[in-house]
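Today I went through the charged side chains. I wanted to know which ones pair up, and where the partners sit.

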Amino acid sequence: MQKCQLETTMSIKSCSSLSKRAIEDVLNLESVCMDHDNLQGSFFLDPSLNFNHRIKSFFLLYDKSNLISMLSMFIPTEHEAEITAYTLPKFRGKGFFKSLLAKALKELGEFNIPEILFVFESSSVAGKRVVDSFEAGYDHTEYYMSLDNVSYTSLNEYRLRLLKVEKKDLEKAIITNMKVFSDSYEESENLIINRFKLKHREQFLAILGEVIIGIVSVNLEGEGASIFGLGIEPEYRCKGYGKELLHLIIDNLLQRGRSEINIEVNSENAEALKLYKSTGFYTEVAYEYYRLKLIKEVIEKLSSQSS
């Protein structure tokens, strides 16, 4: 049986946010692994959208001062955590990932989070080995898409207009998010307020006449822009408003010089995927999600392997 005990020179650091030095270490680790495995994706390093900021979501394994393995968790709700991890090629197969996972699961257990989702690129051989070893079940695929500016054409006219969410509009945005995504008030409140606090994130309401019928958010970190949280209230769907809202936010970003625009879509949302493709988006990377329940039993399994 493979042992997961760390060598005496190894140490694990757990934290809710990363220092500038730690981010540099993580990006270097990520670069080596991506080149070795021919991958394109990246770690989720922004803990601001985790539903509880007290949760430790980063686990770094060092050999003396050298980062050799890292696990990151994205925890937007109390229901599940999305897990991504990389280990330097020459250190794989030594149980280091399992050591990090045990730490992460113990942290999730403290906050009563019942399920995890392993996330990795479809081409990742190492990722497939992980889900096979834990018998995690396939859940869905997320497509990371980029806009082909040459293929994009603005609409001739719009029935909707955008209203940027200000502090006075927070309650309206919370209620709209609840209606669009069927989230609870608490979940919507947490998401909307967290986004509002960040300077590089903006939220917009879709207005039809004087009625709010949809919502969309953008991440403006860096030179490009990411569109997320786009949706129309159920009673206004299938009338072309989703297409208008997507074009409106693209127009807004292009007018501000944000020519590199991307968006993500769940493979289960066939209508959205069709819309994005017809608008000019193409798939850059596909991420597969594998769900694992019964975290308590997994912790016990990992503990028995390291004993």
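I count a salt bridge when a side-chain nitrogen of Lys or Arg lies within 4 Å of a carboxyl oxygen of Asp or Glu. The model I am reading is predicted.

**Entry: E244 and R159.** I looked up this pair and found a salt bridge between the side chains, 2.6 Å from N to O. E244 belongs to helix 6 (residues 241-255), while R159 is in the loop between strand 6 (137-147) and strand 7 (160-164), so the bridge ties together parts 85 residues apart in sequence. I checked burial next. E244 is buried, at a relative accessible area of 6%. R159 is partly exposed, at 42%.

**Entry: network.** I then looked for shared partners. Salt bridges of this kind join E80, E115, D139 and R291 into one network.

**Entry: total.** How many salt bridges does the structure hold? I noted 11.

**Entry: D37 and R92.** These side chains form a salt bridge at 2.8 Å, N to O. D37 sits in helix 1 (residues 20-37) and R92 in the loop between strand 4 (80-87) and helix 2 (96-110), so the pair links parts 55 residues apart in sequence. D37 is partly exposed, with a relative accessible area of 24%. R92 is partly exposed too, with 28%.

**Entry: D46 and R201.** Here I read a salt bridge of 2.9 Å, N to O. D46 lies in the loop between helix 1 and strand 2 (58-63), and R201 in strand 8 (residues 201-208), so parts 155 residues apart in sequence are tied together. Are D46 and R201 buried or exposed? Both are buried.

Terms used. Residues numbered from 1 in each chain as written. Predicted model: local features only at pLDDT ≥ 70, side-chain atom pairs only at ≥ 80, totals over all residues. Heavy atoms only, no water. Helix = DSSP H or I, 4+ residues; strand = E, 2+ residues; numbered from the N terminus. Buried < 20%, exposed > 50% of the residue type's maximum accessible area, 1.4 Å probe, protein only.
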